[in-house]
Amino acid sequence: MNFAELAVLGAEVGDLLKARGEKVAVIDGATGGLVSAALVSVPGATRFFASGGVVYSLRGRDLLLDLPREELATMRSVTESYALMQARRFRERLGVAWGLAETGSAGPNMHPFGVESGASAIAVVGPGVERSVTLRTGLDDRISNMFAFAHGALCLLRDVLREAG
């Protein structure tokens, strides 16, 4: 997997969003911005990409998402419920049709909250749609995991957009 392959997926997603006249807001986690970068690599991305942010610390999450403490009390990082919460919230904050969030453990060491390397939770939230998946690569290779997680996120968004018509 390389960035050129992600850019091809970004273009597919961009075409689907442009055809719908809708935009997406992206929260990257362990992907470090690769999902957003793949989307903004498309000429004219402002027509379908509202904004992106990398949630890589609790402070960053607080600034980007401004989630209520009581909502966070029962949440754990790298879970589908946490990814859904992030996708919902960033979508709301940006006032756009779609929210996409990825939260993962790229490795090579175990995540600070005890999640094994190579695990990612990805969520897409849109008009009448909430979908999430957990991706497990079984790898300790940080770069490979980052690209695999970004690929998984873009594929999930593309597939949901195709199904939504």
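Start by selecting the contact between helices α1 and α6: F3, L6, L9, E12, V13, L16, L17 and R20 in α1 meet F147, A150, H151, L154, C155, L157, R158, L161, R162 and A164 in α6. Contact here means heavy atoms within 4.5 Å, and helices are DSSP runs (H or I, at least four residues), numbered from the N terminus. Colour the selection by residue type and you will find 13 nonpolar residues, one polar and four charged. In that count, Ala, Val, Leu, Ile, Met, Phe, Trp, Tyr, Cys and Pro are nonpolar, Asp, Glu, Lys and Arg are charged, and the others, Gly among them, are polar.

A word on what is on your screen: this is a predicted model, where local features need pLDDT of at least 70, side-chain atom pairs count only at pLDDT 80 or more, and totals for chains, interfaces and linings use all residues. Residues are numbered from 1 along each chain as its sequence is written, and side-chain values use heavy atoms, with hydrogens and water left out.

Now switch to a cartoon view of the two helices. The axes of α1 and α6 come within 10 Å and cross at roughly 25 degrees; these axes are lines fitted to C-alpha atoms over the stretch in contact, with angles running from 0 to 180 degrees between N-to-C directions. The two helices are therefore roughly parallel to each other, a label for angles under 35 degrees.

Next, show the side chain of E12. Which residue forms a salt bridge with E12 at 3.1 Å, N to O? The partner is R162. A salt bridge is a side-chain nitrogen of Lys or Arg within 4 Å of a carboxyl oxygen of Asp or Glu. Because E12 lies in α1 and R162 in α6, this pair ties together parts that are 150 residues apart in sequence.

Is R158 buried or exposed? R158 counts as buried, at 14% relative accessibility, while E12 at 27% is partly exposed and so is R162 at 48%. The cut-offs are under 20% relative accessible area for buried, over 50% for exposed and in between for partly exposed (1.4 Å probe, protein chains only).

For a last stop, select R20 and E22, whose side chains meet in a salt bridge of 2.6 Å, N to O. R20 is partly exposed at 24%, whereas E22 is buried at 17%.

Definitions and conventions:
Angles under 35 degrees count as roughly parallel, over 145 as roughly antiparallel, 65 to 115 as roughly perpendicular and the rest as oblique.
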